[in-house]
Amino acid sequence: MPLIDITLAHASDPHLTMDSLHIRPRDLLNKRALSYLSWQRRRRCHQARTLQRVMDDIIAHDVDMLALTGDLTNLGLPDECAQAARWLSRLPMPVTVIPGNHDALVRSDWHETIGRWSAWMGPLPFPYVRRIGPVALIGVNSAHPTPCFCAAGSIGPRQCARLATILEETGRQGLYRAVMIHHPPLARLTTPRKALRDADAFAACIARNGAELVLHGHTHVSTQTTMPGPTGPVPVVGVASASATVADPARAASWNRVRISALPGGYRTEITRRIIVPGEAPLGTPPIIFTTAAASPRLSGISSP
């Protein structure tokens with residue numbers, strides 16, 4: 001029997017609607033203009049009612065924490081960030097959040113934008129750590145302003161060094177280490193203009209120090225893959241936009257149910273993707289199950305029932 005069960009909900013890229021916001025022309029005298037035009041073209045894809053269906057399904061599964069991997073906004077405007085803070089405050093479960101590239105399109109005042117979400121982050125600077133039982137949620141920030149037509153990210157050498165220290169310390173404590181990052185840490189999961197520029201440095205950090213799980217968003221596609229760890233592969237799990245109103249199951253609004261069971265000497269993790277397709281009841285995929293040893297991040301097996 002498990003000693004402790006923790007259930008995480010992993011969601012990403014809700015892209016909250018801007019319909020109720022007043023966008024001034026001066027707000028668009030920069031890179032935001034391109035994202036605003038993109039939103040105008042794709043706004044029918046990202047719908048509030050679809051996001052609400054995702055949240056209702058999460059609530060129905062009685063999760064211990066929602067891990068939200070960025071892109072709450074479309075333009076990163078102060079009013080959008082304030083709206084996102086109000087949305088977060090209304091959610092009936094604890095939430096841990098990191099920013100995405102849309103939340104950091106241009107240089108902005110931290111306190112007026114992403115800083116409004118500090119109540120749902122751990123102690124800064126990034127990477128931060130939030131504990132829930134034996135689970136350490138490690139929030140990495142890959143979102144920084146980039147030139148037009150570029151949605152790439154980076155973590156930089158300081159964050160990478162701090163991440164290595166955190167992974168080593170939490171691993172020594174026998175904690176389950178779930179790393180949250182917006183951009184996928186593997187180059188093959190997206191195009192170069194949307195990629196994590198220092199993915200090799202991130203991968204080297206994980207390969208050297210280990211982790212039990214990496215969660216990301218950004219691609220608007222649900223994926224499950226692995227990256228090398230010190231004694232075995234580390235699962236890397238992406239999720240589609242939580243507001244995407246499309247029929248393709250890989251791109252339809254989804255969330256990942258991550259059930260972590262603390263066992264004598266290790267952990268068992270079961271990951272189920274919950275898909276919200278327009279006009280249909282939520283669908284759960286067959287779970288992916290893997291186990292790790294608590295004293296060292298060793299992946300001893302992965303299987304599909």
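Tutor: Happy to. Let's begin with the salt bridge: that is a side-chain nitrogen of Lys or Arg within 4 Å of a carboxyl oxygen of Asp or Glu. Keep in mind that this is a predicted model. Here the side chains of Arg268 and Glu270 meet in a salt bridge, at 3.4 Å from N to O.

Student: How many salt bridges does the structure hold?

Tutor: There are 6 salt bridges in it. One joins Arg259 and Asp5, whose closest N and O atoms are 2.7 Å apart. That pair links distant parts of the chain, with Arg259 in strand E10 and Asp5 in strand E1, 254 residues apart.

Student: How do I tell whether a residue like Glu270 is buried or exposed?

Tutor: Look at the relative accessible area: under 20% is buried, over 50% is exposed, and partly exposed is in between. Glu270 has 16%, so we call Glu270 buried. Arg268 is at 28%, so that one counts as partly exposed. Back in the other pair, Arg259 counts as partly exposed at 31%, and Asp5 is partly exposed with 31% as well.

Student: Which salt bridge does Glu212 form?

Tutor: Glu212 pairs with Arg177, and the closest N and O atoms are 2.9 Å apart. Glu212 lies in the loop between H5 and strand E7, while Arg177 is in strand E6, so the pair ties together parts that are 35 residues apart in sequence. Both Glu212 and Arg177 are buried.

Student: Now strand E1. What does Thr7 touch there, apart from residues up to four places away in sequence?

Tutor: Thr7, which is found in strand E1, touches Val63, Asp64, Met65, Arg257, Val258 and Arg259 once those sequence neighbours are left out. Thr7 counts as buried, at 9% relative accessibility.

Student: What about nonpolar cores? How do I read one?

Tutor: Think of buried nonpolar residues joined through their side-chain atoms. The largest core here has 52 residues, and Ile58, Leu66, Leu88, Trp117 and Leu213 touch the most other members. Take Leu88: leaving out residues up to four places away in sequence, Leu88 touches Leu68, Leu72, Val95, Trp117 and Trp120. There is also a second, separate core of 21 residues, including Val140, Ile155, Ile166 and Ala199.

Student: Which residues of H4 are buried?

Tutor: In H4, they are Gln159, Cys160, Leu163, Ala164, Ile166, Leu167, Thr170 and Gly171. The cover over them includes strands E4, E5 and E6 and helix H5. H4 runs over residues 156–172, and its 17 residues reach 24 Å from first C-alpha to last, close to the 24 Å expected at 1.5 Å a residue. Just after H4, Gly174 takes a positive phi of about 75°.

Student: What should I know when I look at phi and peptide bonds?

Tutor: Most residues other than glycine have a negative phi, and most peptide bonds are trans. Asp71 has a positive phi of about 55° although it is not a glycine. Asp71 sits in the loop between strand E2 and helix H3, and counts as buried at 1% relative accessibility. His15 also has a positive phi, near 45°. His15 lies in the loop between strand E1 and H1 and is buried, at 5% relative accessibility.

Student: What is Asp103 in contact with, leaving aside its neighbours within four places in sequence?

Tutor: Asp103 is in contact with Gly70, Asp71, Leu72, Thr73, Gly76, Ile114 and Trp117, with those neighbours set aside. Asp103 is found in the loop between strand E3 and E4 and counts as buried at 3% relative accessibility. Asp103 and His15 are 88 residues apart in sequence, and 9.5 Å apart in space, C-alpha to C-alpha.

Student: Which residues form a nonpolar patch on the surface?

Tutor: Leu34, Leu37 and Phe149 do, with about 310 Å² of accessible area together. Leu37 is in helix H1 and is partly exposed, at 47% relative accessible area.

How values were computed. Residues are numbered from 1 along each chain as its sequence is written. This is a predicted model: local features need pLDDT of at least 70, side-chain atom pairs count only at pLDDT 80 or more; totals for chains, interfaces and linings use all residues. Side-chain values use heavy atoms; hydrogens and water are left out. Patches are made of residues with over 30% relative accessible area and no salt bridge: like charges are joined within 9 Å, nonpolar side chains (Val, Leu, Ile, Met, Phe, Trp, Tyr) within 5 Å. Accessible areas come from the Shrake-Rupley method with a 1.4 Å probe; for residues, only the protein chains shown count as cover. Helices (H or I, at least four residues) and strands (E, at least two) are DSSP runs, numbered from the N terminus. Buried means under 20% relative accessible area, exposed over 50%, partly exposed in between (1.4 Å probe, protein chains only). A nonpolar core is a set of buried Ala, Val, Leu, Ile, Met, Phe, Trp, Tyr and Cys residues joined through side-chain atoms within 4.5 Å. Contact means heavy atoms within 4.5 Å. The expected span of a helix is 1.5 Å times one less than its number of residues.
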